[in-house]
Amino acid sequence: MTATNASAPLRLAGVRLTYPDGERRLTALDGVSLTVDAGELVAVAGPSGSGKSSLLAVAATLLTPDAGQVTVAGRETGRLRPAERAALRREHIGIVFQQANLLPALTAVEQLLVVEHLRGRRPRAARERAEELLDSVGLDAAKRARRPHQLSGGERQRVNIARALFTGPSVLLVDEPTSALDRERGAHVMELLAEVTAVHRTATVLVTHDTGLLERAGRVVWMRDGRLDGQRSGGGRTAP
Ligand SMILES: Nc1ncnc2c1ncn2[C@@H]1O[C@H](COP(=O)(O)OP(=O)(O)OP(=O)(O)O)[C@@H](O)[C@H]1O
């Protein structure tokens with residue numbers, strides 16, 4: 001059972017998050033529990049303001065909940081010191097933001113190597129890994145040598161996904177990855193996310209407004225007013 005799988009890379013249990021709102025607090029997440037297994041793609045859908053981005057920020061350990069637990073790769077993050085939490089995030093969490101945020105002066109390969117350089121690994125092994133990852137998301141040698149302005153929006157988003165996978169994260173968090181793309185390119189990116197989730201065995205959470213893309217998800221959860229409001233199995237791959 002998903003809900004009781006203690007080895008799942010990502011577990012949220014009874015998470016409550018509030019923001020300051022004048023004299024009071026606004027409740028953005030109101031007792032959210034969600035377990036995501038390795039190799040599972042969960043799409044989080046729901047109206048604007050329902051708490052989807054807040055859920056992603058809490059799962060990314062970028063925001064600390066007022067109550068409840070967030071467990072990443074078996075570690076309860078509420079108990080960690082900030083430096084330990086940052087290290088856990090670097091090692092175990094890949095984040096794909098809505099905009100690719102690539103550095104204009106760097107080629108596709110170099111976008112991945114910036115991170116690797118900071119981690120102090122040997123460049124040749126890192127370069128090979130970067131080349132392989134970009135190849136696996138569909139960028140051939142010529143495109144891997146291009147700078148962001150020489151790539152299409154969909155290709156930039158592929159670089160973005162490869163970059164998030166570079167550290168070998170067990171959790172992949174994806175925020176509206178298709179909002180800047182047309183329907184066909186958006187569908188391809190969604191297809192790619194389903195594939196990398198299966199191949200890299202990540203616990204993937206994808207936030208989207210676009211209900212047209214949900215059939216590729218293994219599971220769809222709906223948010224309303226800070227609560228999970230129901231879920232269904234999608235048409236895509238699910239964890240065994
Ligand atoms: N930094 C903040 N300070 C105060 N309130 C916030 C903050 N961020 C979000 N909120 C509020 O928390 C609630 C949930 O917002 P959240 O951004 O998580 O929703 P969402 O479902 O991601 O919305 P959207 O689809 O429009 O991005 C909303 O009422 C929002 O106004």
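A residue is buried if 20 or more other C-beta atoms lie within 10 Å of its own, exposed if 12 or fewer, and partly exposed in between, with C-beta atoms placed from the backbone. A nonpolar core is a set of buried Ala, Val, Leu, Ile, Met, Phe, Trp, Tyr and Cys residues joined through C-beta atoms within 7 Å. The structure described here is a predicted model, in which local features need pLDDT of at least 70 and side-chain atom pairs count only at pLDDT 80 or more, while totals for chains, interfaces and linings use all residues. Residues are numbered from 1 along each chain as its sequence is written.

The largest nonpolar core has 60 residues, and Val44, Leu193 and Val205 have the most contacts inside it. Helix α7 (residues 183-200) gives this core its largest share, 6 residues; helices (H or I, at least four residues) and strands (E, at least two) are DSSP runs numbered from the N terminus. Contact between two residues requires C-beta atoms, placed from the backbone, within 7 Å. Apart from residues up to four places away in sequence, Val205 touches Leu10, Val36, Val42, Val44, Leu56, Ala59, Leu173 and Val174.

The description now turns to the sheet. Two strands pair if DSSP finds at least two bridges between them.

Strand β1 (residues 10-21) is joined to β2 by 10 bridges, and the two run antiparallel. Val15 has Val32 as its bridge partner in β2. The hairpin of β1 and β2 has 2 residues between the strands, and Gly22 there takes a positive phi near 65°. With strand β4 (residues 67-72), β1 pairs in the antiparallel sense over 5 bridges. Arg16 stands opposite Ala67 in β4.

Which residues surround the ligand? They are Tyr19, Leu26, Ala28, Gly46, Ser48, Gly49, Ser50, Gly51, Lys52, Ser53, Ser54 and His209, where a residue is near a molecule or strand if its C-beta atom, placed from the backbone, lies within 6 Å of it. At least two residues of this shell come from each of β2 (24-36) and α1 (52-59), and α1 supplies the largest share, 3 residues.

Helix α1 is itself mostly covered, with 6 of its 8 residues buried. These are Lys52, Ser54, Leu55, Leu56, Val58 and Ala59. Thr61 is found in the loop between α1 and β4. Most residues other than glycine have a negative phi. Thr61 is not a glycine, yet its phi is positive, about 60°. Thr61 counts as buried because it has 22 C-beta neighbours inside 10 Å.

Asp225, in the loop between β9 (219-224) and β10 (227-233), is also a residue other than glycine with a positive phi, near 50°. Asp225 is partly exposed, because 14 other C-beta atoms lie within 10 Å.

Finally, His92 has its place in helix α2 (residues 82-92). His92 is buried, since 21 other C-beta atoms lie within 10 Å. Beyond its neighbours within four places in sequence, His92 is in contact with Val72, Ala73, Pro169, Ser170 and Val171.
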